Amino acid sequence: MVDINSSESSATYFILIGLPGLEEAQFWLAFPLCSLYLIAVLGNLTIIYIVRTEHSLHEPMYIFLCMLSGLDILISTSSMPKMMAIFWFNSTTIQFDACLVQMFAIHSLSGMESTVLLAMAFDRYVAICHPLRHATVLTLPRVAKIGMAAVVRGAALMAPLPVFIKRLPFCSSNILSHSYCLHQDVMKLACADIRVNVIYGLIVIISAIGLDSLLISFSYLLILKTVLGLTREAQAKAFGTCVSHVCAVFIFYVPFIGLSMVHRFSKRRDSLLPVIMANIYLLIPPVLNPIVYGVKTKEIRQRILRLFLTTTHTSDH
């Protein structure tokens, strides 16, 4: 049950279940999850290091990729250490304010990543549909401003969420059904009207994720229209520059939309499906994005191989 302050009914801490129904297996499941987390951090740090040290990669597409990698590291780090503490040390308690901080971090970073994916789609649109204007439209200072706009937009959209949670009374249970704090999960514990939270959550999804995905789709329709008018060789080159980004878009949006749908329509709080989808949403994109860009992007792949060969040669001596 929840801790109750003397003046009002409010939670002082929450209990994170982890994986409902799999408590006995959590200790062993933590090992592959931790391995995936380390792969995600190492892979994204490698991307950032390569782009930072290779002056030929100081172009908008790769700078946006660095932003994406940085956000992937922060998103996975905002949840995985606590998740490992739950699985390995049964540290299921999280203080109320810490829960709000984690919730804000996860949601705001997700909003920032969606904006960066939109910026990457715009970069591909200008590069393919208006190649002569690409250097003047997407200058490095302008790319930096887009990155700052992504941070401000994500933080501003999600800033009201902790405030809306803070005003709610919690007087029945403080047990969360996930491995980390999500707005959808926390608000369902309140013993008060949560319509404001629900409505604002829908507004955020529509104005951020919904709008971004719509604009990304529209940009690729324009790209497809342009590419179909090119020669076969030019078509292959144009599609080759877009494949990695399209994969990153699907890797990010499909789990997010699936998780949102499950939260909207799932009636059982002890269901394992939303918990697994929530873990996939925060862990799989950071793991897969550097792999996709490493395999599909020639410039990144060549420099990773060069870095690996250099490291191997140095260790041999």
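Figure 1. Buried denotes under 20% relative accessible area, exposed over 50%, and partly exposed in between (1.4 Å probe, protein chains only). Local features need pLDDT of at least 70 and side-chain atom pairs pLDDT 80 or more, while totals for chains, interfaces and linings use all residues of the predicted model. Residues are numbered from 1 along each chain as its sequence is written, and side-chain values use heavy atoms, without hydrogens and water.

**Figure 2. Aromatic pair Phe 14 and Phe 170.** The whole structure contains 13 aromatic pairs. The ring centres of Phe 14 and Phe 170 lie 5.6 Å apart with planes at 85°, so this pair is edge-to-face. Rings of Phe, Tyr and Trp (its six-membered ring) pair if their centres lie within 6.5 Å; planes under 30 degrees apart are stacked, over 60 edge-to-face, and the rest tilted. Both Phe 14 and Phe 170 are buried.

**Figure 3. Aromatic cluster containing Phe 27 and Trp 28.** Phe 27 and Trp 28 form an edge-to-face pair, 5.0 Å centre to centre with 90° between the planes. Together with Phe 31 and Trp 88, these residues make up one aromatic cluster.

Figure 4. Three strands are arranged in the order 2-1-3 with mixed pairing; strands are DSSP runs (E, at least two residues), numbered from the N terminus, and two strands pair if DSSP finds at least two bridges between them. Strand 1 and strand 2 run antiparallel, joined by three bridges.

Terms used: Helix = DSSP H or I, 4+ residues; strand = E, 2+ residues; numbered from the N terminus.
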